[in-house]
Amino acid sequence: MARNIDIAIPDLSGKLAVVTGASDGIGFVIARRLAGAGAEVITPVRNPAKGEKAADRIRSLVPGARIATRALDLSSLDSVAALADQLVGEGRPIDILVNNAGVMTPPSQQVTKDGFELQFGTNHLGHYALTLGLLPLLREGKARVTHQTSIAARSGAINWGDLNWERSYDVRKAYSQSKIAVGLFARELDERSAAAGWGITSNLSHPGVSPTNLLAAQPGMGRPKDTGPVRAIRALSRMGILVGTVETAALPALLAATGPDAKGSEFYGPKGRSNLGGAPARRDLWPPLRSMDDARRLWEVSEGLVGVRFPA
């Protein structure tokens, strides 16, 4: 697979971008590329020291980069509300929001600080609440909102009868549900924006497969060492076989977030074999992401779960 895949990013001078999950991996590349195109970038992070180290690295790679970190733990609705209140208080319209952060397949069933299954609560509900909390700034900036889903959303379903998997836990099905939810939320946000005249464009992307830290050692999540799959992905990536690199995996989200022709509810991902790697392009929605009835239902259920702190 070609290693020199890239896209042109338009001049973003004067724009404000917010990127979650930017302390490493794909999110780091997205933040760096946006800063390199002239945007001011805010990177909300769970680990302040790691976030500031990443910001310093971007400053060293992009002379003159304007980048700042903020505290955010997507597994805590209190933390999400605090960040939203802080940014709304600052009053700066947001032009680009990339909901990129996520967790994947913890080794045992875990819950968020609010009692939700960890993957659903972090990947979907955390970003749902953050987006609603920032809605005044997104409307003012006529923002492009890009939501990062996953190849895991190609199949599976929302477990409507047991969203938190309390009766029968399947970690991979729960991860798939969380990423289907991300995609459905992206589509319903665009639908509601168009109907209400919010001026927000919401679309979705997926990175394919690349050697990120999602499956690497994460002692804080109960994973003391790298998994076998992530070691295999690293080897394939080094050899340029089938999967992408972290740099190329960031391109679909960058295309969705900055492409002048990118539209609401569209889906972007690698166009290589099995969508695992390759150049970014507009893709057809996978079957679990197609139902607007499911998208509306998920919004309403999510609104009830996150509560009155994040009114729609």
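**View 1. Lys-142 is exposed, with a relative accessible area of 59%.** Here exposed means over 50% relative accessible area, buried under 20%, and partly exposed in between, using a 1.4 Å probe and protein chains only. Lys-142 sits in the loop between helix H5 (135-140) and strand S5 (144-148); helices (H or I, at least four residues) and strands (E, at least two) are DSSP runs, numbered from the N terminus. Its phi is near 45 degrees, a positive value in a residue other than glycine. A quick note on the model: it's predicted, so local features need pLDDT of at least 70 and side-chain atom pairs count only at pLDDT 80 or more, while totals for chains, interfaces and linings use all residues. Residues are numbered from 1 along each chain as its sequence is written, and side-chain values use heavy atoms, with hydrogens and water left out.

**View 2. Trp-165 is buried, with a relative accessible area of 7%.** You'll find Trp-165 in the loop between S5 and helix H6 (171-196). Phi is positive here too, near 55 degrees, in a residue that isn't glycine.

**View 3. Phe-267 and Trp-286 form an edge-to-face aromatic pair.** Searching the whole structure turns up 4 aromatic pairs. Rings of Phe, Tyr and Trp (its six-membered ring) pair if their centres lie within 6.5 Å; planes under 30 degrees apart are stacked, over 60 edge-to-face, and the rest tilted. For Phe-267 and Trp-286, that's 4.9 Å centre to centre and 80 degrees between the planes. Phe-267 belongs to strand S7 (residues 267-270), and Trp-286 to the loop between strand S8 (280-283) and helix H10 (292-306), 19 residues apart. Both Phe-267 and Trp-286 are buried.

**View 4. Ala-281 lies in strand S8.** With 16% relative accessibility, Ala-281 counts as buried. Skipping neighbours within four places in sequence, Ala-281 is in contact (heavy atoms within 4.5 Å) with Leu-255, Phe-267, Tyr-268, Gly-269 and Lys-271.

**View 5. Helix H4 (residues 118-133) packs against H10 at about 85 degrees, with the axes 10 Å apart.** Axes are lines fitted to C-alpha atoms, for helices over the stretch in contact, and angles run from 0 to 180 degrees between N-to-C directions. That makes H4 roughly perpendicular to H10 (65 to 115 degrees; under 35 is roughly parallel, over 145 roughly antiparallel, the rest oblique). Among the residues that meet are Tyr-128 and Leu-132 in H4, and Trp-299 and Val-306 in H10.
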